[in-house]
Amino acid sequence: SDYPRMSLFEAVAFCEAREDNGNTDWRVPSAEELNAAFTGSATPPLDLTSATYDRYFWSKSVEADLSMSTLAVINDSYSMANSPRSAVRHVVCTRTQ
């Protein structure tokens, strides 16, 4: 499946409104959770297996310049990058534990 693209504000609302199998505790993941998801060490795991082309995923982590930290998945590798809050990026939601 593909991941939707939206602004940060839309991503937060999207995750907060999500309901899956009765679970309503969804949120935008932190930069650390996205990093762990891509390396496969996340608990709970996030599914980024369909990220097979260049994309940027929102995180809830704020940088010093008030931009948002995003996970850049490019050619089977990844790195953290910064994005303005108004940018359109992919979103993946995670559950609060």
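Student: In which strand is the confidence of the protein highest?
Tutor: Across the predicted model, the mean pLDDT of the protein is 77, and 72% of the residues score at least 70. Confidence is lowest in strand β4 (residues 68-74), where the mean is 70. At the other end, with a mean of 92, stands strand β2 (residues 26-27).

Student: What pattern does the protein follow along its sequence?
Tutor: The secondary structure of the protein consists of 2 helices and 7 strands. Taken in sequence order, these elements give the pattern β-α-β-α-β-β-β-β-β.

Student: With which residue does the side chain of arginine 27 make a polar contact of 2.7 Å?
Tutor: Arginine 27 is found in strand β2. Leaving aside residues up to four places away in sequence, arginine 27 touches a set of residues that includes Cys15, Lys60, Val92 and Thr96. The polar contact of 2.7 Å joins the side chain of arginine 27 to that of glutamate 33.

Student: Within what arc do the buried residues of helix α1 fall?
Tutor: In helix α1 (residues 8-17), the buried residues are Leu8, Ala11 and Cys15. They line one face of the helix, because, seen down the axis of α1, they fall within an arc of 55°.

Student: Which exposed residues does α1 carry on the face turned away from its buried side?
Tutor: An α-helix has 3.6 residues a turn, so residues three or four places apart point the same way. In α1 the buried side is formed by Leu8, Ala11 and Cys15, while the face turned away from that side carries the exposed residues Phe9, Glu16 and Ala17.

Student: How many residues apart in sequence are the parts that the aromatic pair ties together?
Tutor: A search of the whole structure finds 1 aromatic pair, formed edge-to-face by tyrosine 3 and phenylalanine 57, with 5.4 Å centre to centre and 80° between the planes. Because tyrosine 3 lies in the segment before β1 (5-6) and phenylalanine 57 in strand β3 (residues 55-62), the pair ties together parts whose separation in sequence is 54 residues.

Student: Is phenylalanine 57 buried or exposed?
Tutor: Its partner in the aromatic pair, tyrosine 3, is buried, with a relative accessible area of 10%. The cut-off for burial is a relative accessible area under 20%. Because the relative accessibility of phenylalanine 57 is 0%, phenylalanine 57 counts as buried.

How values were computed. Residues numbered from 1 in each chain as written. Heavy atoms only, no water. pLDDT = per-residue confidence, 0-100. Helix = DSSP H or I, 4+ residues; strand = E, 2+ residues; numbered from the N terminus. Polar contact = N/O pair within 3.5 Å; in protein donor to acceptor, adjacent residues only side chain to side chain. Contact = heavy atoms within 4.5 Å. Buried < 20%, exposed > 50% of the residue type's maximum accessible area, 1.4 Å probe, protein only. Arc of directions from axis to C-beta. Phe/Tyr/Trp six-rings, centres within 6.5 Å; stacked < 30°, edge-to-face > 60°.
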